[in-house]
Amino acid sequence: MADLEPIVGRYVRMTVAGRPHRVYFEEAGQGLPLVCLHTAGADGRQFRHLLNDLEITRHFRVIAFDMPWHGKSLPPVGWQDEEYTLTTRGYVDLIRAFVAALALERPVVLGCSIGGKIVLELARLHATEFRALIGLESADYQAPWYDDTGWLHRPDVHGGEIAGALMSGLIAPQSPPETRWDTLWMYMQGGPGVFKGDLFFYRADGDFRDRVAEIDTTRCPLYLLTGEYDFSCTPADTARTAEKIKGARVTIMKEIGHFPMSEHPEQFRRYILPVLDDIRAGG
Amino acid sequence: MIAAVLEQLAELVNADAGLVRRGRYLSTTFLVETGATAWLVSVHEGRVTRVERGPFLMRAWSFAVRASEEAWQRFWAPVPAAGWHDLFAMTKGGQATVEGDLRPLMANLRYVKDVLAKPRRAA
């Protein structure tokens, strides 16, 4: 008997910004749809522990897709002549197109880092389309911790090696070696320029300091959870953001860095299970 | 404590075959400053060949990593506290600075970070 995991992977065809895409996603479980958004320069494998968690999948249909250019989702036709750049508008459109392509009804969206940041924009602009929104390592703005993202994409520095080496510091020292190195491997595997392209959104286009106060959490509950070891999006960044959003619920997670679900799944589930219970109970 | 740590650095690094292998394309000398004391760490193909204690009069180095003695002690704690657990956590927090020719550092970042963190297990 094969030792199969409950995760199933498929491709869905969809149009984003007028261009055909073939997007890879994995899913497990049944119940309320829970769409998971991976971090910059990584892919949906970051959610494999969530997808394998029977406590979660008995109540939620957990779905993690790879953004185009990431993981098993190819770039769109013609990519070879383009510089990949993620924008706020493009990211919102992508998420809504994916939800529509799978005909998901008012899903919960849980995103981390860039995924955590974009849920703030989903909350502001499209609150009624979602049952609840969860931002991990999420803030309206975070100060950069290195000057030049050009280091991530140049011929004399290996893009995968430097991505892994930079991200290693964002993982808490308490995270187990196995999941620490799984997390870094995903960073080491990104396509050339993709991490840098995502960071345009994270660092430049996604400065939401002027607009998060417009979020109305009575239309859609908003949960923000940040790891104490995250010095990219710090607990203070999240707390400052939440102060502007009436009703936002903040949790600071001990012994966790920037990749909660991936770097230390056991520790993360202590924090996420009560949030998911709360959402099932009606937020 | 700091001097003892840095004086052991070559032995610690060179005994780690995986670390030496990861650094095999790096040959350079970089500066580590611990408070008022400067150290020059010379690397040849991933092996630390020399760790010299300053002061120095006229010596070249490729890049420098500077932090206070207290910062290095916190960085080398067995389980460092948040903000003291990574070189760039410390630079963002203003606890350390990195300067000079950054290319050899960035091209070999995992190696250099691992070398600097190596005393953590020994401290």
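Here are some worked exercises on a predicted model with chains A and B.

**Exercise 1. The contact between the chains**

Task: Describe the contact between chain B and chain A by its residues, its buried area and its polar pairs.

Solution: 
- Start with the residues on either side. Chain A brings 21 residues to the contact and chain B brings 16.
- Next, take the area. The size of an interface is often given as the accessible area lost when the parts come together. Here about 1,600 Å² is buried between chain B and chain A, with 69% of that area coming from carbon and sulfur atoms.
- Then look for charged and polar pairs. There are 0 salt bridges between chain B and chain A, while 8 residue pairs are in polar contact, both residues being at pLDDT 80 or more.
- Now see which helices of chain B take part. α5 (87-92), α6 (102-107) and α7 (109-117) of chain B each supply at least two residues of the side that touches chain A. The largest share, 4 residues, is that of α6(B).
- Finish with the classes. The side of chain B that touches chain A has 10 nonpolar, 5 charged and 1 polar residues.

**Exercise 2. A leucine in chain B**

Solution: 
- Not counting residues up to four places away in sequence, B:Leu116 touches B:Phe30, B:Val32, B:Val65, B:Trp72, B:Phe75, B:Trp76 and B:Leu87.
- The C-alpha atoms of B:Leu9 and B:Leu116 are 8.6 Å from each other, with the two residues 107 apart along the chain.

**Exercise 3. Salt bridges**

Task: Work out where the partners of the salt bridges A:Arg48 with A:Asp182 and A:Asp237 with A:Arg240 lie.

Solution: 
- Over all chains, the structure holds 30 salt bridges.
- In the pair of A:Arg48 and A:Asp182, the N to O distance is 2.5 Å. This pair links distant parts of the chain: A:Arg48 belongs to helix α1 (residues 48-51) and A:Asp182 to helix α6 (residues 177-188) of chain A, 134 residues apart.
- Check the exposure of each partner. A:Arg48 is partly exposed at 26%, and A:Asp182 is partly exposed at 24%.
- In the pair of A:Asp237 and A:Arg240, the N to O distance is 3.0 Å. These two are about one helical turn from each other, because they are 3 residues apart in helix α8 (residues 235-243) of chain A.
- Here A:Asp237 is buried, at 9%, whereas A:Arg240 is partly exposed, at 28%.
- Salt bridges with shared partners also form one network of A:Glu121, A:Arg124, A:Asp210, A:Arg211 and A:Glu214.

**Exercise 4. Backbone details**

Task: Where do A:Ala17, A:Glu137 and B:Pro55 lie, and what is the omega of the bond from B:Gly54 to B:Pro55?

Solution: 
- A:Ala17 has a positive phi of about 50°. Its place is the loop between β1 (8-16) and β2 (19-28) of chain A, and A:Ala17 is exposed at 71%.
- A:Glu137 likewise has a positive phi of about 50°. A:Glu137 lies in the loop between β6 and α5 (159-167) of chain A and is buried, at 1% relative accessibility.
- The peptide bond from B:Gly54 to B:Pro55 is cis, with omega near 10°. B:Pro55 lies in the loop between β3 (47-53) and β4 (63-67) of chain B.

Notes. Residues are numbered from 1 along each chain as its sequence is written. Chains are lettered from A and ligands numbered from 1 in the order in which they are written. This is a predicted model: local features need pLDDT of at least 70, side-chain atom pairs count only at pLDDT 80 or more; totals for chains, interfaces and linings use all residues. Side-chain values use heavy atoms; hydrogens and water are left out. Contact means heavy atoms within 4.5 Å. Buried area is the accessible area (1.4 Å probe) that two parts lose on being put together, summed over both. A salt bridge is a side-chain nitrogen of Lys or Arg within 4 Å of a carboxyl oxygen of Asp or Glu. A polar contact is a pair of N or O atoms within 3.5 Å; within protein, one must be able to donate a hydrogen and the other to accept it, and residues adjacent in sequence count only if both atoms are side-chain atoms. Ala, Val, Leu, Ile, Met, Phe, Trp, Tyr, Cys and Pro count as nonpolar, Asp, Glu, Lys and Arg as charged, and the others, Gly among them, as polar. Buried means under 20% relative accessible area, exposed over 50%, partly exposed in between (1.4 Å probe, protein chains only).
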